[in-house]
Amino acid sequence: MLTRYGTLLFAAGFAFLLFVLFTSQPLGAPPMLAGQALLDEAATTVGAANIVTAVVLAYRGIDTLGELSILFAAATAVGLVLGSAHRTLGAGAPREPGGFILRAGVDFLFPLLLLVGFYIIVHGHLTPGGGFQGGVVLAAAFVLPVLARPTETLSHKAMARVEGLAGGVFILTGLGALAFDRAFLAPLLGPGQLGALLSAGTLPVLYLAVGLKVGAELASLLLRLSEDEADA
Amino acid sequence: MAWADLVIVIMVVLVLVAACAALFLKNLLGAAVATALVSLGVSVFFVMLRAPDVALTEAAIGAGLGGLLLALAARRLGLWRIEAQEESEHAGGPAC
Amino acid sequence: MSEFALLTLLIGALGLVALGIGGLVLSRNLFRVVLALALAEAGANLLLVLVGFRQSAWGAIAPIIESGRDAASLTPSMVDPIPQALVLTAIVIGVGVQALALSLAIRAYGAYGTLDMNALRARMETDIDSAAGTQPARCQHAPAGGRPLPPISAGARRADTPGTPA
Amino acid sequence: MNALDILLALSALMPPAALLFGRWRGYAWLAGMVLTGQIILLAGCDLPLAAGMNLEIFGRSVGWRLDAFGRFFALITLGVALASTVYMGGEWGERHAAGGHSPRWLHGALAGNVLAMLLLLSSQDLIAFFIGWELTSWAGFLLMAQGGEKALRAALRYVPYAMSGAMAVLGGLALTLAWTGTLDLAALTGIMPTLDNTKLALLLALFGMGFSIKMGLLPFHLWQAPAYAEAAGAGTAFLGAISARMGLFALALLLVKLMTLTRVADLAFIEGLFTARDLLAWVAALTIVLPTFTALKQNDARYLLAWHGIGQGGYMLLGIVIGDATGSAGGLLHVFNYATYQAALVLAVFAVMHRTGTADLNSLGGLVTRMPLTFLVMLLGIIGLAGLPPMNGFVSKWLVYRSLMLDGRPLLFLMTVIGTLGTILSVYKLIHNTFLGQLRAEHEQIREAPWSMTLPMLALVILAFVTGAAPGLALSWVAEAQAALGLPVLAYTLGGIESPRGNLDMLWIVGVLFAGFGIGALLFYGAGGRSKRVHQLDNYAGGHFLSADVRYHYSDHFYAGLMHRIGPFYRSSFTRLESAVAAATDLAASLMQVWYRQTVPALTLLVAAVLGLSWMIWK
Amino acid sequence: MSHSLLALVVALPLLAAFLPPLLPGAIRRLLGPLALLLVAALGVYLWRITLIEPVSLALGDFRPPLGVVFYVDSVAALFVLAVALVTLLLWPWRGDTSENLDRKQSLTLVLAAACGGLAVSGDLFNVYVFYELAAVAGYGLAAGGGTAAARVATFRYLILGSLGSLLALLGITLIYFRAGTLNLAHLADLAPQTLHDPFGLAAFFLILLGLGVKAELFLVNTWAPEIYATAEARVSALLAGLVSKLALLVLARLLVLVFPLPEARGALLILGMLGMLTGEFAAFRARDIKRMLAWSSIGQLGAAFIAFSIPGSLGLAAGLAIALHHLLVKPALFLLAERWGGGLARLAGAARRSPFGAALFALFALSLIGVPPLPGFWAKYLLLSGLAAQPDNLYLLAGLVVLVTTVVEAVYLFRVIGMLHGRDAAHSEKPQNMALDMTLPASTLAGSGAFAALLLAVALAAPWLTAPLARMALQMNDSAAYVARVLPATATSEATK
């Protein structure tokens, strides 16, 4: 009891302290020292209409690389923890196949999700959305059929290949800049026409890599969690 | 008070209620759903804060994928079985 | 967005953080701990975006240059794109960690048959001790390998000596 | 390369050489020759001498420079090491190796000790000093740990003491650097006395504690006796004879050279009545008395000697704290004298152990006919230890007594006399229970110790006798050391000292003594010299015939009456103190572990975050 | 920019972690070590040039406050080298299945990349990302031990670590809220006006708690004994040896560049003291080697925190010396614990089986407690002389804590040495000891021996290493040079407009 109320008290106190700190200067008027300068030049130097994309892939591309690696590490770690060698469906309670409607719906959804996913990814530098969101849609496209039909499986190996390829492409594109005597992750090919699909240099390539990698990793995460345990 | 403000207040209250539900609901699967709802609510806030990218991501990854992960995990933890819910809060899970 | 609305959002975000942390501390069920963590992270993310929100005289504009509009006229009233990029990163990180936590919980449950943190911790300690072949921790025996000093022998009690060899 | 470089280089080569070739029989002779060469080199060189090797570390130079004070200790170190090495090289070493011990590591440890001590004795600055200090400690540990399970346990008991001492010294070093800006001993000589009293007192406490632990001063003495006694034989001799004296070297350096005794006397607990110097003198006096009477109780010859080693350290410190020419000369000379006879005694005890397999005084006796040479060594050794003429122990103790009297400290003098009394009693117990009385049936076939063992022992007692008869030989080095340390220099002659307030001429004393023996012998043999030699087991007591298996000679509970009287004063107060510290550490450790067994660490984190944030915001 | 190569510190290990599924078996096993070797070579190269002058790289060629900056001074370069070398020495060559081995190797590479990134990153959020990366890879490796206890311990670690990350993220949010930038140089430039107040300190404290989880800072270090007791010894070695040092380095950099305030130092000092006390005393009663090493490493890191709290380059030199020394010693000790990891009583007589291993243990123990002339002594000397020179009595108290805990440390380490050389297990009453083979495998001895060789090399070369160490500390302490290099004057004025 004491712990319970004490904890609540301290949690409330923590929130209160943060409230004090965050109200010490007005909200809605951030200093934006870096932000404003970035807004001013992003369109011309990077050429992405979606400035958040410019930040994610160009200005802070290394963060995104780190983030992809985190997802990769998490997927690898989940694989290490849950293992993948045993995929014996009969071991646990037999999973009933989903109902007909579900299966039909999934069959219908698959191409649609695929299309939507890639659309979101390639338009990432123009409109909201991009590699991450598209990647999730792609993951969903591949995972839903498996969930609906337990007999169907996705090859972890294939996903690992896609994942590795996408990660490699991201880094190699970044390293490609070194060949032009530019810094790591510098966007190549020039900014292009603002708002055009083929603009913002190599950003769409990067986002495609991000999308594939995120998709593959999330799909493998989901599959591993959905697989029944073979051993206790 | 403007309408927009009122909407925000209501939303915030709803989100906090959902958060409480996530913490106090006996049914852990329901709690997982509540968590996904919180994510959805937060993504609405992101839209209001002019962050459509973040909103999409939060909705897709935080709510959608996160919810799916939680649901799948809940199934493997045996939390979908109704009879298990009673003791799970006290003993921390079904007895083995 | 009015200042009141921003403050409300701030309270909402902080409320999520506080609920999340409080829930994290108080929950004994591993699954709920993961939920609590997700809540707190959502709150923190909201806070970060809130911090980058800018309310200029012409309202607030999302950092996307719509086709056909002049970039220079838009940027002074755009919200800060950097926190948004950061939050994108943070959300993905959060999901990765969440998946890992869930898989660990699944394994722990599989091995010990419980999701209760106290019980799991106790089982873990027992396992560690038995793997190392040592006394359980609560036991007040001397540490293995002996005390740093030899115990006072009967002989030493009588005289200021460590005892004579037998 | 000058003499010091060669000296150090040779010593540095010996530990690896020992580890490589220690198993080879001739190694001991090789090492003995190297040590002899080193002694000759050291005795013959002109001082002070700076080593060529000079390191620059963190902007401070670390170097080595030997003066006459260091040389005095270095010569003793090398000499004792020589005796121990030769002793180890013979039959004793073979037996030791046959017992599953490694001769390589024993030789290596001994050589390491020599190197460490030479580095310590020739240090030019506090860093070099600390390096030497720590090396000495751990090389000593290595030597202590090599006598089997018991020795290992005793050595482990030494670890907290050694480490506490080392850390106290290191703390003192850091504070010295912060307060004076230098670590060079020569520079500190001028600066340290100018520090204010608080700082000086703190430094004295830190350094003093560190050095006292090594020396085995009260109340830090408990580790020493078991650690030294249980070590492998030759190791015990080396450790007992010189190892602990490194603490004395350091204390003398600190008190006399760095701080100066007058400044130490300024640090008053009670103004004008009781100063830090008085405290040191009283600690030294108590160190003489208490361990000596503890030695009296020992039934193991090794422990008996080891406890004496602690007590004898008190004389040395007392002499130095008095600080006049006679007293300090007595203290320093006692280092040399003590080393000679203590090494001889320990080696003799181990010779007995070698033959009989035990050092338990209750199960020995009557060995005089079986091991006459060893008996002779022990006899001369205990005369020295008891501080009686004609051995050299008398000279150094006499000098200390005299300076105590002249300095007007009758109470301290009384303490030393009591200590000497205890010494005499206990060494009599030693020789009586070992060599006199009834020979045990199982020791009937015992032979004299081999030459490899008797030779070093004899050499040592002869040295003790010669420097007893002609103390001037050793006093020349002592006077040099006094000069190097900045003490008043003793005016000495070959036979002793010459001063307006009374001379000492050992040549005369020894002459008279031997003349007296001669006259007594003449009278005895002139009167017919009637004596009858009976078999040792041919026992008659009070007209009753006793069979051979009945003991008429009891050595258990030696001095039972005395012990009954003083027993109440010998409660295990120091042992209890030690156990209390250990228990407190254990308790603290248990409490600390509680912290790491939290069920919900997140709660702690939350509380800490709230408290920390509040502190940061509203501070 | 000719220094664009330094991005390879992160890129190469990550590439080697991603690519294996695309490659045939023979090559993929060599890819990781090869990448690490290249990074090590890069580290040597960088160290040599940065001793003269630090270098910085604006990633993507974006003007510094906008993009992310990598900044490498000699400290960072040395840590890059250390990361590559230590990872190489602790490389997981063997696994239960080929699949799991792949995973472990990938995670190890990711960990190395994250550590390299932490060393070179000059951006607050980027630091957070690399920190999380190291954390997740660490969780994966820690759970890879395979036992159920390891999973529970890792879960607890993960929760504490995530909570810490959350606090750190809140701290970063606070800083961004006030200063509007994340670039460390920019922050250093702005800090005197914007962050040197309770607000900034609160942010610092949150980040300290957050990043302190990995650095085994007191308050957030309860995971260490559990994890080190359950994880594989090599993983413990990586976590205790590498990751903790990098987190420490980041905190120290933050302290020097942005928050050189007495309150911040005070927090570090007090937490460091408490860490030392609790760690070393808890180790005193440890019953098995792994947890003893865990607690001991908490204590050692406490000493490093104390050192970094000393103002001026002297404190930094001491902190670096302690951290680097611990980096050499602790992984080697954990390697020895691979086979000797059980209860202390089981070790009886193990020295007879593996005399070389026992000698290595003694060497590391002696260095750890600071016996001259081993490197540990110089670290301790620097720490104590730094503490003694401070006017504040709290620093003197810290000195006392260091001295006392060293004694405790010596006692428990020598207790192990005594156990190793004590009576053989065959003679003891407990028969089950006979079943355990206490002979160390050759791979352990080789790895540990390599560390020992490095340690001895450092001991011998100590007089020649002091000047570079002092130079490194000076460079690290020179925040003005950092700002000037990352933000040339024109950029600063423009960005702050």
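Domain bounds come from an automatic or database domain assignment. The model is predicted.

**View 1. The two domains of chain E.** Chain E splits into domain 1, residues 1–121, and domain 2, residues 122–482. Taken over C-alpha atoms, the centres of domain 1 and domain 2 of chain E are 21 Å apart.

**View 2. The contact between domain 1 and domain 2 of chain E.** Here 31 residues of domain 1 of chain E are in contact with 39 residues of domain 2 of chain E. On the side of domain 1 that touches domain 2, at least two residues each are supplied by strand E2 (69–72), helix H3 (74–89) and helix H4 (98–120) of chain E. H4(E) provides the largest share of this side, 10 residues.

**View 3. Residue classes on domain 1 of chain E.** The side of domain 1 of chain E that touches domain 2 of chain E consists of 24 nonpolar, five polar and two charged residues.

**View 4. The contact between chain C and chain E.** In this view, 39 residues of chain C are in contact with 39 residues of chain E. Four helices of chain C each supply at least two residues of the side that touches chain E: H1 (3–26), H2 (30–51), H4 (81–112) and H5 (117–132). The most comes from H4(C), which gives 15 residues to the side of chain C that touches chain E.

**View 5. Residue classes on chain C.** On the side of chain C that touches chain E, 29 residues are nonpolar, six are polar and four are charged.

Key:
Residues are numbered from 1 along each chain as its sequence is written. Chains are lettered from A and ligands numbered from 1 in the order in which they are written. This is a predicted model: local features need pLDDT of at least 70, side-chain atom pairs count only at pLDDT 80 or more; totals for chains, interfaces and linings use all residues. Two residues are in contact if their C-beta atoms, placed from the backbone, lie within 7 Å. Ala, Val, Leu, Ile, Met, Phe, Trp, Tyr, Cys and Pro count as nonpolar, Asp, Glu, Lys and Arg as charged, and the others, Gly among them, as polar.
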